[in-house]
Amino acid sequence: MSIIVNEHEKLFTLHTENTTYQFKADQHGILLHLYYGQKITNQNLEYLILPVDRGFSGNPYDAGDDRTYSLDTLPLEYPTEGVGDFRCPALSVLNSNGSKVADLRFCGYQKYAGKYMIEEQPALYDETGKTAETLMLHLKDALTGLEVTLLYGVFAERDIITRSVIVRNGGIDDTKILRIQSASIDFQYGEWEIIHFHGRHNMERIFERTPVPHGTTAYGSRRGTSSHQHNPFLILCGKNTSEFHGECFGMNLVYCGGFIARIERDQTDLVRLSMGLNDDGLSWKLSPGQTFHTPEVVLSFSSEGFSKLSHNYHAIYRNNLCRGKFKFNRKPIVINNWEATYFDFNSDKLIEIAKNAAELGIEMLVMDDGWFGERDNDKCSLGDWVVNTKKLPGGITPLVEAVNAFGVKFGIWVEPEMISENSDLYRAHPEWVLRVPGRKPVHSRSQLVLDLSREDVCDYIYSSMVSILDSANIEYVKWDMNRSISDCYTTTLPYDRQGEVMHRYVLGLYKLLERLTQRYTDVLFEGCSGGGGRFDPAMLYYHPLIWCSDNTDAIERLKIQYGTSFAYPVSVVSSHVSAVPNHQTGRVTSLYTRGVVAMSGNFGYELDTSVLSIAEKIKIRKQIQVFKEVQHIVHNGNYYRLSNPFEQRYVAWLMVLPDQSAALLSIVITQAEANAPHIHIKLAGLNRNVSYLIEKKQYSGEALMNAGYAIQCPTQDYYSTQLYISSDSESIL
Ligand code: DGJ
């Protein structure tokens, strides 16, 4: 039993294997947050709240003369606007009389086995109904009739708690939601630092750790996508928390649209952390009887540092978020022609790439952008999902057949959410675009965004995709999205409901993806948004694979993959070896090093296989053999970060099979130094009582983890090594 309710004390305790989360409804029906952290088996933690009369902090009317009772200083479970809490609210509504007060009081609860789901939105699931429990907490504003239900999903064995919120207008007048966060947590005590993952196109999810200052700090995206610039994942941690020690909390939003996360340190050093869909411009009309369901956040806590926190997220996403045939199945080794040809290709060229790829052991050719309409550059044809027969004579079918004849599967790139002004679709349906009437829309990559809040637009996209996917043996779809959303206006809603469009776009996208992925259950969908601009749990629900970044430079990828690994498992990251000099940085690295880095994900290539030298072909063939041997470790292993690429001159990481029988250690030197000290690394996750073989020598697990492993460091730029660690006496590499 992971949800314990003490009805007498109105105390709610959620237990996971190693954590406890607690809150209570107090004498006024206000929900007080009491605790989230390391497991405490049986204790009402209300004693941590000490009554103090704080100057200038308001007191609710029903607290009478008790000036110590203030919603401005108490730790709250779901803070709202207008009730005397001057910190950031999680909920703000506009009532029909123009006021913004939402005075929510406890009015009941339900709990049940299994995990709640959110209608037409992605969420963690519990297939068996036996691994999670749900708590629903009901609150109500007696004057307006606004009803709020807080949902908690508890995955006890995985140390994961999810939260989401349902708002129902139980009154008789319209109301509007102006802000609605999926969760808010008040940490009454502790000295905290915050880690977030910022970036830009070609440099996503860069780790940044800073102390939490007084006041409010916000991270988020107003771009209509979760974005390259900030990932919807935050870690709150102690000052001394490291990979293997210390306390840390994670919060990750299951949402692919714009989001906002706020961290507020108040006058008493209480830290409030909240996250939800972006509320800049949000204004969602709720007529009597209507409901609104927020996306969910995924929470986790570790008292054993970041490694354990990451493992909690990796396991829940692999088991309870990703779906379908490719959730655990081995994914193919891909050759993608983007960096090989850009728009300049035809069937003959692709067949040549596929033929050479087959000889190397590559299993899938993905035909990237440029195969449809008049698309010889990125200025036209999005929306016209009709094969360009000048490039592919006879259409896709003969091309796919020719590729399949080499034993290579075939995949295709699409960007269905977009439209080019120079397209037949735009000429026929200019009203299908997101734009403000009478204004010229903002261009980005010379394209506009289709209005996915419209059902007819989604139906058009669906049928275009169906006709492509049904036309040939297409076994892989790379679903791209190459711009931020602006001009967020739809002609289908009145002026006072335009604040709904951003979220309605996302809901339209989810519905479309659900229809397509349910129809094509044998097709592997790869998500992409100019690389990793939409690398989030919502996309993982539909696409069990996401292109990590358009930056394929092995050395820069080390930082990108490092940041990505805090929340997302290696098994969902796609990662390719590209040509040198690298197209994004001009850097030259060895094929070996490019392979070592790309093997920390779904391995593949992004180069022209038909122009490789014999020596390169021999190396690539060997590289692919190696990957096939270690792929089970990469996909199923527990991932350990063994260095910090921002602080050290090397990057080391380790993947260990869950049964600890084998592991793969990868080390890349990012900065060669003269007369450098040896590199010394303490391994993790091994069985201390087992003897492991590394390069024909035996070492005890205990020694490798306590005394560590040392390698000599050649004075060579971007030197790397990949070591297979096995409990067998035979090495496979
Ligand atoms: C952006 C993607 O990230 C690239 O891999 C490539 O597919 C291009 N779009 C094609 O336009």
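How far is the sulfur of Cys256 from the closest cysteine sulfur, and in which residue is that sulfur? Let me start there. The partner is Cys458, and the gap is 12 Å, so the two are too far apart for a bond. Before I go on, please note that this is a predicted model.

Stay with the cysteines for a moment. A disulfide is a covalent bond between the sulfur atoms of two cysteines. A search of the whole structure finds zero of them. Take Cys548 as a second case. Cys548 is in no disulfide. Its nearest cysteine sulfur belongs to Cys528, and that one is 11 Å away.

Now the ligand. How many residues surround it? The count is 13. The closest are Asp368, Asp369, Lys478, Asp480 and Asp550. A polar side-chain atom of Asp550 lies 2.3 Å from a ligand oxygen. For the side chain of Asp368, an N or O atom is 2.7 Å from an oxygen of the ligand. For the side chain of Trp413, the corresponding distance to a ligand oxygen is 3.1 Å.

Where is Trp547? Look in strand β28, residues 545-547. Trp547 has a relative accessible area of 2%, so this residue is buried.

First on my list is α7, residues 501-519.

At 3% relative accessibility, His503 counts as buried, because the cut-off for buried is under 20%. What does His503 touch, leaving aside neighbours within four places in sequence? The contacts are Gln121, Tyr255, Leu277, Trp284 and Phe292.

The other helix is α11, residues 614-636. It has 23 residues. From first C-alpha to last, α11 reaches 33 Å, close to the 33 Å expected at 1.5 Å a residue. Where does α11 bend? At Val630, by about 55°. Val630 is also one of the buried residues of α11. That buried set includes Lys617, Ile620, Phe627, Ile633 and His635.

Over to Asn319. This residue is in helix α1, residues 305-320. Its relative accessibility is 24%, so Asn319 counts as partly exposed. Leaving aside neighbours within four places in sequence, Asn319 contacts Tyr125, Arg158, Lys327 and Phe328. Compare that with Ile396. Asn319 and Ile396 are 77 residues apart along the chain, and their C-alpha atoms are separated by 35 Å.

Last topic: the backbone. Most residues other than glycine have a negative phi, and most peptide bonds are trans.

Pro581 is in the loop between β29 (573-578) and α10 (591-598).

Another is Glu120. Its phi is positive, about 55°, although Glu120 is not a glycine. Find it in the loop between β6 (105-113) and β7 (133-140). The relative accessible area of Glu120 is 48%, so Glu120 is partly exposed.

Then there is Glu695. Phi of Glu695 is near 45°, again positive in a residue other than glycine. Which loop holds Glu695? The one between β35 (691-694) and β36 (697-700). At 57% relative accessibility, Glu695 counts as exposed.

How values were computed: Residues numbered from 1 in each chain as written. Predicted model: local features only at pLDDT ≥ 70, side-chain atom pairs only at ≥ 80, totals over all residues. Heavy atoms only, no water. Helix = DSSP H or I, 4+ residues; strand = E, 2+ residues; numbered from the N terminus. Buried < 20%, exposed > 50% of the residue type's maximum accessible area, 1.4 Å probe, protein only. Contact = heavy atoms within 4.5 Å. Disulfide = S-S within 2.5 Å. Expected span 1.5 Å × (residues − 1). Bend = angle between axes of the 7 residues up to and from the residue. Near = heavy atom within 4 Å. Polar contact = N/O pair within 3.5 Å; in protein donor to acceptor, adjacent residues only side chain to side chain.
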